[in-house]
Amino acid sequence: MNAIPLEQEVEYPISDGQPMAESPLHMKVMFDLIEGLTRRYAEVPDVWVGGNLFLCYERGNPAACLAPDVLVAKGVANWMRPNYLLWEEKVPPCLVVEVTSRKTRREDQVKKKNVYEGIGVEEYVLFDPSGEYLRPRLQGYRLQDGRYQAVRLEEDGSLLSQATGLRLRPEGQRLRLVDAVTGEPVLWPEEVEAARRAAEERVRALEEELSRLRKAAASQG
């Protein structure tokens, strides 16, 4: 019988050398979600958001790993991990999102789904931005008694993530995050930048108006 290698001799993967996403569209959706979730949890020290990195789920077996497109984990330290070692973190992610395609459908719908269910990922969401094969394009599963059950979509086609308190709502080929309580959307990166520029412009206009009023008051005095 082969000896189990010592832990310090086991190297767990951090990159498979493959492209980050199936297409620029898939990469855009992934980045939207990772960046939006990162901003949402920026001030929460025990929630970590990651994506396109290896989730290793069997100690001593480097081959037992998957690369979720997007994941959220609660109850763990917030730092830049090279990979997610389940036995070290001691808790599975509470949410995994796969930006799926016809090419990855079998892995996403069978292999990954079975592994995520087995290790206790609370919610698993699939989104097909191009509408290549998944009908409807957005689908999700939630653990009930240790097994995944399909999550019913809302009337507007959105999906409620109980793990995050967010609704995931298709908008065109992208996926919008919306606060389930306030209804406020989580801005996409270009919207954040546009809001920043608009705020700067408002401040500049107020400063110019204040300067004008001061000059007018001084001239009248």
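**Close-up views of a predicted model**

View 1. Pro-136 is found in the loop that runs between strand 7 (123-127) and strand 8 (138-144). In this predicted model, the peptide bond that joins Arg-135 and Pro-136 is cis, with an omega of about -5°. Most peptide bonds are trans, and most residues other than glycine have a negative phi; the next view turns to phi.

View 2. Lys-90, which is not a glycine, has a positive phi of about 75°, and its place is in the loop between helix 2 (86-89) and strand 6 (95-99). Lys-90 has a relative accessibility of 66% and therefore counts as exposed, since the cut-off for that class is over 50%. Asp-145 likewise has a positive phi, near 55°, and lies in the loop between strand 8 and strand 9 (147-150). With 85% relative accessibility, Asp-145 also counts as exposed.

View 3. Three strands, in the order 10-11-12, make up an open sheet whose pairing is antiparallel. Strand 10 (159-161) and strand 12 (174-179) are the edge strands, and because each has a single partner strand, one side of each is left without a neighbour in the sheet. On average, and with direction ignored, neighbouring strands of this sheet are turned by 30° against each other. Helix 1 lies across strand 11 and strand 12, and runs at about 15° to strand 12.

**View 4. The hairpin of strand 10 and strand 11.** These two strands pair in the antiparallel sense over 3 bridges, and Leu-160 has Arg-167 of strand 11 as its bridge partner. The hairpin that strand 10 and strand 11 form has 4 residues between the strands, and in its turn Gly-165 has a positive phi of about 70°.

View 5. Strand 11 (residues 166-171) is joined to strand 12 by 6 bridges, and the two run antiparallel.

View 6. Strand 2 (residues 55-56) pairs with strand 3 in the antiparallel sense over 2 bridges, and the bridge partner of Cys-56 in strand 3 is Cys-65.

**View 7. The second largest pocket and its lining.** The second largest pocket, with a volume of about 200 Å³, has a lining of 14 residues, and those nearest its centre are Thr-38, Trp-48, Val-49, Gly-50 and Met-80. Helix 1 (24-40) and strand 1 (47-50) are the elements that give two or more residues to this lining, and the largest share, 4 residues, comes from strand 1. Sorted by class, the lining of the second largest pocket holds 9 nonpolar, 4 polar and 1 charged residues.

Definitions and conventions: Residues are numbered from 1 along each chain as its sequence is written. This is a predicted model: local features need pLDDT of at least 70, side-chain atom pairs count only at pLDDT 80 or more; totals for chains, interfaces and linings use all residues. Side-chain values use heavy atoms; hydrogens and water are left out. Two strands pair if DSSP finds at least two bridges between them. Buried means under 20% relative accessible area, exposed over 50%, partly exposed in between (1.4 Å probe, protein chains only). On a 1 Å grid over the protein atoms alone, a cavity is a set of points where a 1.4 Å probe fits but cannot get out, and a pocket is an open set with protein on both sides within 12 Å along at least five of seven lines; lining residues have an atom within 4 Å of a point. Grid points are joined across faces, edges and corners, and a volume is the space filled by probe spheres set on the points. Ala, Val, Leu, Ile, Met, Phe, Trp, Tyr, Cys and Pro count as nonpolar, Asp, Glu, Lys and Arg as charged, and the others, Gly among them, as polar. Axes are lines fitted to C-alpha atoms, for helices over the stretch in contact, and angles run from 0 to 180 degrees between N-to-C directions. Contact means heavy atoms within 4.5 Å.
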